[in-house]
Protein chains: 2
Amino acid sequence: MRVSAKADYAVRAAAELAAAKEGPVKGERLADAQDIPLQFLEHILLELKHAGIVRARRGAKGGYWLAKPAEEISIADVVRAVEGPIAHVQSAPPESIEYRGHAEHLQEVWIAVRANLRAVLEHVTLADLVSDHLPAIVENLVSQPDAWAAR
Amino acid sequence: MRVSAKADYAVRAAAELAAAKEGPVKGERLADAQDIPLQFLEHILLELKHAGIVRARRGAKGGYWLAKPAEEISIADVVRAVEGPIAHVQSAPPESIEYRGHAEHLQEVWIAVRANLRAVLEHVTLADLVSDHLPAIVENLVSQPDAWAAR
DNA sequence: GCGCACCTGACTAAGGAGGTCAGGAAAGTC
DNA sequence: GACTTTCCTGACCTCCTTAGTCAGGTGCGC
């Protein structure tokens with residue numbers, strides 16, 4: 001139930017790309033802006049490229065840019081590109097698991113967990129992230145002081 | 001963003017304990033009922049005991065039982081006992097992370113993710129799990145066909 | 001054709017996941 | 001008091017993932 005450094009880096013780099021309106025941005029600038037080891041970031045950007053989220057050009061004046069408008073890329077897209085499916089249980093999707101005995105209803109719980117994860121990750125786009133206005137669902141959740149409490 | 005085998009096992013074993021109304025249940029019975037390797041399960045039960053979720057007695061007629069009423073133990077309690085804090089980013093709690101540049105609002109997104117995870121995991125108790133009636137929040141999420149779609 | 005910047009595979013060190021093995025220590029039974 | 005039962009605990013093991021680094025290859029623009 002944790003977010004890896006890779007996923008965090010990927011989203012942060014994507015956010016920088018979403019904010020950069022002028023032409024390709026080189027890896028080094030992304031790495032500097034977000035304090036990410038350059039060589040590691042390049043591997044991540046390659047995965048984002050293979051997933052169709054980012055495009056790139058080499059050489060002088062080269063760099064990376066988003067393959068689609070930032071409004072059409074959700075954080076879930078970025079996370080899935082580098083981490084694979086969200087909310088798997090024992091490396092299997094929750095809808096494919098069969099529980100026995102008194103754990104029978106556990107499947108529904110994991111399905112609900114995934115649905116609630118998606119409710120946030122699929123509705124926040126890169127455009128939202130770099131604007132000053134996150135979607136209402138996030139604002140609501142964040143405005144409850146309880147959400148900020150460690151536990 | 002995945003649930004480990006250990007956490008899944010822990011919840012399943014706890015569900016069996018919640019359902020068993022008569023005295024201590026031995027590890028072997030839990031392992032059989034839920035198809036969990038016995039020796040691995042014993043380590044997990046030990047962790048649950050250290051976390052104060054389960055109690056145990058050795059010897060003939062020994063076994064495990066819940067330390068508190070099943071209504072007072074949430075799935076989050078069980079998961080945290082074996083996996084540690086829920087929804088950490090890069091091994092740190094989201095409220096302690098500082099983001100720079102255009103990723104500034106990412107913190108709020110992770111906070112919202114955690115809040116939504118908690119909304120499910122902290123509200124489903126072991127008593128709910130073994131009954132035929134999960135809390136309304138779960139029922140609502142599960143009733144949307146979209147929640148069952150792979151992605 | 002030269003440099004720039006991305007592209008790619010190989011490698012590594014540390015740690016976690018998912019167990020197994022062997023024995024010790026308490027609780028009950030005869 | 002011996003014996004059985006069951007939990008308790010540490011050590012160990014294999015495989016995989018995480019979070020990187022290194023070294024070179026490849027295409028692009030000038």
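Modeller: Start with one cut-off. A residue counts as buried if 20 or more other C-beta atoms lie within 10 Å of its own, and as exposed if 12 or fewer do. Keep in mind that this is a predicted model.

Biologist: Is Val78(A) buried or exposed?

Modeller: Val78(A) is buried, because 26 C-beta neighbours fall inside 10 Å. The residue sits in helix 4 of chain A, residues 75–83.

Biologist: Which residues does Val78(A) contact, leaving aside its neighbours within four places in sequence?

Modeller: Ala10(A), Val11(A), Ala14(A), Ile53(A) and Ile73(A) are its contacts. Distance along the chain is another matter. Val78(A) and Thr125(A) lie 47 residues apart in sequence, with 9.9 Å between their C-alpha atoms.

Biologist: Now Glu16(B). Is Glu16(B) buried or exposed?

Modeller: Use the cut-off again. Glu16(B) has 22 other C-beta atoms within 10 Å, so it is buried. Its place is in helix 1 of chain B.

Biologist: What is Glu16(B) in contact with, its neighbours within four places in sequence left aside?

Modeller: Read the chain letters. Gly101(A) and His102(A) are among its contacts, and they belong to chain A. Within chain B, Glu16(B) contacts Val25(B), Leu30(B), Ala33(B) and Gln34(B). For scale, the C-alpha atoms of Glu16(B) and Arg80(B) are 18 Å apart, and 64 residues separate the two along the chain.

Biologist: That leads to the interface. How many residues does each chain bring to the contact?

Modeller: Interface size is often quoted as the accessible area lost when the parts come together. Here we count residues. Chain A gives 51 residues to the contact and chain B gives 51 residues. On the side of chain B, the elements giving two or more residues are helix 1, helix 2, helix 4, helix 5, helix 6 and helix 7. Helix 5 of chain B makes the largest share, 13 residues. By class, this side of chain B has 34 nonpolar, 8 polar and 9 charged residues.

Biologist: What is the span of helix 5 of chain A?

Modeller: An α-helix has 3.6 residues a turn, so residues three or four places apart point the same way. Helix 5 of chain A covers residues 106–121, which is 16 residues. From its first C-alpha to its last it reaches 23 Å, close to the 22 Å expected at 1.5 Å a residue. Helix 5 of chain A is also mostly covered, with 15 of its 16 residues buried.

Biologist: How do strand 1 and strand 2 of chain B run?

Modeller: Side chains in a regular strand alternate between the two faces of the sheet. Strand 1 and strand 2 of chain B run antiparallel and are joined by 4 bridges. Arg55(B) stands opposite Trp65(B), which is in strand 2 of chain B. The two strands form a hairpin with 5 residues between them. In the turn, Gly59(B) has a positive phi of about 80°.

Biologist: Which residues other than glycine have a positive phi?

Modeller: Take two cases. Asp35(A) has phi near 60°. It lies in the loop between helix 2 and helix 3 of chain A. With 11 other C-beta atoms within 10 Å, Asp35(A) is exposed. Ser91(A) has a phi of about 65°. Its loop joins helix 4 and helix 5 of chain A. Ser91(A) is exposed too, with 11 C-beta neighbours inside 10 Å.

Biologist: Last, the DNA. Which residues come nearest to DNA strand D?

Modeller: Ser4(A), Pro37(A), Gly59(A), Lys26(B) and Ala56(B) come nearest, out of 28 residues around DNA strand D. Both chains take part. Helix 3 of chain B gives the largest share of this surface, 5 residues. The surface divides into 9 nonpolar, 10 polar and 9 charged residues.

Key. Residues are numbered from 1 along each chain as its sequence is written. Chains are lettered from A and ligands numbered from 1 in the order in which they are written. This is a predicted model: local features need pLDDT of at least 70, side-chain atom pairs count only at pLDDT 80 or more; totals for chains, interfaces and linings use all residues. Two residues are in contact if their C-beta atoms, placed from the backbone, lie within 7 Å. Ala, Val, Leu, Ile, Met, Phe, Trp, Tyr, Cys and Pro count as nonpolar, Asp, Glu, Lys and Arg as charged, and the others, Gly among them, as polar. A residue is near a molecule or strand if its C-beta atom, placed from the backbone, lies within 6 Å of it. The expected span of a helix is 1.5 Å times one less than its number of residues. Two strands pair if DSSP finds at least two bridges between them.
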